[in-house]
Amino acid sequence: MQSGTVEIFINGTPATVPSFYSIGQALKSVNVTIPGFCFHSRLSVVGNCRLCLVEIEGWNKPQLCCAVPVSKGMKVRTNSPATLQAQESALEFLLTNHPLDCPICDQGGECDLQDLAVRFGNDRSRFTDIHFDGKKAVENKELSPLIRAVMNRCIHCTRCIRFASQICGLDILGTTGRGEEMLVGTYVDKMFFSELSGNIVDLCPVGALTSIPYMFKARPWELNKTNSIDVTDATGTNIVVDSRYNRVMRILPREHLEINEEWLSDKGRWSLDSLEMQRLVTPMSKTKGCCFSIEWDEALRIACQMIKGVNPNNIVAVAGPHTNVETLVACKDFLNILGSENTYIERGLACLETGADIRAGYSLNMKMCDVAQADKILFVGTNPRFEAPILNSWIRQAYLGNEADVYVIGPKCEYNYHVTYLGETIESLSEAGNALKSGKKPLIFVGVEHLNKDYGGAMMSALLKLVKSLGCSKDWEMLHIIPLEASFAGALEAGWKPGAKGRLTQSKDIELIISLGADQIFYDWRPPSGNKLKIIYIGFQGDRGAEIANLILPGSAYTESGGLYLNMECRSQFALPAVTPPGKARSDWHIIRAIAECCGVNLPYSDHNSLCCRFSHISPLFINLGDYQTKLFSGLPWTMAKTGDGTSLNCSQLEVEMKTMPDYYCSDIFTYNSPTMVLLNNLENLASAENDVARSRKELRATRVNAIVKKGLGELKYDLKASHVVALVKDGLAGDYSGSGGGRLERLPLEHEHEPRPRGAVFLADAGAGVLVL
């Protein structure tokens, strides 16, 4: 037996497990199923559901396997009559007040309570009080415009509370009351806004928390599941795309222990409605300022004429944020054969002399999961909470589990952990050395937008000196860049150059631009008027790039074409296509190959398999899927950075694009075209929205009370001197509401209005509108 392990006996079978395991973890390691609702491997242990009971030899009663650690020689039985009876009784109590909403519940078909009730529960209940008093009724909560809270179904597992507090860093959700009067919700009428809020829908084991955008749309057995990659940021979050009838219905996270664990950002989850907005479904040509639909053969002929009619050196291709590696490689090969090297991405890296040659100059130089080991963290002009929510979840793990100190050089932003501001200008870097010197594993994160500033080179050189002065282990990389686009690392790895805006601004001889879904560049740069410049737009969404293009070729979204993507670690991951493109849209790289064939250029691949062979000639990263590759020459890019004269270093103010929650929802073209994200972004005053919800609840309660009084079923009397409300309900009619069979007079002091009430009491109005107690 290895050191640090113990031998236990599970149902008579010996098993060797780590000594720090709980009984539940030991059972899982040997594939023994035990029921449970409240336990989650990434949340704290509470033992609320009382369902994971097991029998332990020598103990006088069943114990919770999620909370009891293993010990040497422990004998655990999960199939004994006492264990099965205890589990059945716990389920029976949980189902006592649970409503029979399964036919109308969105969780139906993937509900843990359904599955465990069938396997471990009984087919009938011995609890008969509900036939007289009815089941417990709880008022629904307004947690978020995206999360529907039907609290009648809540089983008090508190997963949502622990997730909000421990993962999101927001102490908004909690419990009030005890026993049967326990309620889960917000202490005051306050909405739950977080960049990871949608994950509480996945965590909820019942249908208490469901997705409003997905409400009543499909059942899980009707959906086709496809593994894919989230492209709304550069973290490379693993996702599952659920589709039905060739339409994307919802997006869920897929577990990856080294990247996203099992979380997904709200943009990746709920911006999917952008896939159906302003879609380009047919080729179009612009004539006299108007677009006309044309067929593909005509579109390819026009594209061929536009390309052949210009000097290849005057052709520029610009890649957008969602472009996959297949399209990037095909477009670059095509232009290279024509004689053009002008392939650019929208993001600039002006301070890098090495450009895209060394990966360490533009990426995260360690595994994302290793961030949790840091003990000192410095942010320089970045806010990972909104720029990379999944990376921020690892930073928060370092903050909670490793007690990491977080320092910030930049403007004040919303963080979900305590930070210490060192200043807003680069001259504050002088204080960073004192802040980080006591750390054994410090980390420095820099926003990628600063690498295109005049002060970028001098700033990175100063940070490199800081890294060397700390003298940490060579195996621990300290300096990291946080990119924002999903195509960023893949494009640079394929040989594309940074800085499309600088190329378009400085050159006056450009005659043709091929835009691969690039729209932001045309917000930052406008083609000169009266110029003969022409634009070919290949993309799936009609935004600014399609607006000014001369030829529009409908491409595919990431859910339709799939493809290879490199995340901020430069880790290659493949996304499978989930649905087919709408209308006459085609995959982007197939469009480029068809244009090349019309131009007489023979690309050496015609299908995806032959294209993958081409990948092996370009970079080993493109064919080593899923594995993290260690970066080489990590400090070299910054020793060769353009430092300039250094005069502007001390007065340079650092800016961050996404400072607050509304900035996060609509941060790029894709999310601006999402009605759901626009709805959230328009909540400029969240406090005002929360007050509106509270006011509407008050009016609803008052309306209910007034309706009862108007029908003659009861009357309200206010005794202001006694500072209480008296509710008188007529005899013989109260049974219609409380099930008690008769009326009664009850005094409810206002200062005690939130105390537990007798069973059957109905709380319909607040103190301002009257309190009716039945």
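This is a predicted model: local features need pLDDT of at least 70, side-chain atom pairs count only at pLDDT 80 or more; totals for chains, interfaces and linings use all residues.
The buried set in H19 is made up of Asp588, Trp589, Ile591, Ile592, Arg593, Ile595 and Ala596. An α-helix has 3.6 residues a turn, so residues three or four places apart point the same way. Just past the end of H19 sits Gly600, with a positive phi of about 80°.

A look from the H9 side picks up some of these residues again. Helix H9 spans residues 325–338 and includes Thr327. Thr327 has a relative accessibility of 1%, and because the cut-off for buried is under 20%, it falls in the buried class. Leaving aside residues up to four places away in sequence, Thr327 touches Leu516, Asp588, Trp589 and Ile592. Asp588, Trp589 and Ile592 are also among the buried residues of H19.

Now to the other end of the numbering, where there is an open sheet of 5 strands. Its order is E2-E1-E5-E3-E4, and the pairing is mixed. Strand E2 (13–18) and strand E4 (63–64) form the edges, each pairing on one side only. Strands of a sheet pair through backbone hydrogen bonds, either parallel or antiparallel. For strand E1 (residues 5–10) and E2 the sense is antiparallel, with 6 bridges between them. Phe9, for instance, has Pro14 of E2 as its bridge partner.

Helix H2 (residues 81–94) packs on this sheet, where it touches strand E3 (53–56) and strand E5 (75–77). The direction of H2 makes about 160° with that of E3.

H2 also has a helical partner. The axes of H2 and helix H3 (residues 112–120) come within 10 Å, crossing at roughly 140°. With that angle, H2 counts as oblique to H3, because the label roughly antiparallel is kept for angles over 145 degrees. The crossing of the two helices is left-handed. On the H2 side, the contact is made by Gln87, Glu88 and Leu91, while H3 brings in Leu113, Leu116, Ala117 and Phe120. Sorted by type, the residues of this H2–H3 contact come out as 5 nonpolar, 1 polar and 1 charged.

Note on methods
Residues are numbered from 1 along each chain as its sequence is written. Side-chain values use heavy atoms; hydrogens and water are left out. Two strands pair if DSSP finds at least two bridges between them. Helices (H or I, at least four residues) and strands (E, at least two) are DSSP runs, numbered from the N terminus. Contact means heavy atoms within 4.5 Å. Axes are lines fitted to C-alpha atoms, for helices over the stretch in contact, and angles run from 0 to 180 degrees between N-to-C directions. Angles under 35 degrees count as roughly parallel, over 145 as roughly antiparallel, 65 to 115 as roughly perpendicular and the rest as oblique. A crossing is left-handed if the near helix is turned anticlockwise from the far one by less than a right angle, and right-handed if clockwise. Ala, Val, Leu, Ile, Met, Phe, Trp, Tyr, Cys and Pro count as nonpolar, Asp, Glu, Lys and Arg as charged, and the others, Gly among them, as polar. Buried means under 20% relative accessible area, exposed over 50%, partly exposed in between (1.4 Å probe, protein chains only).
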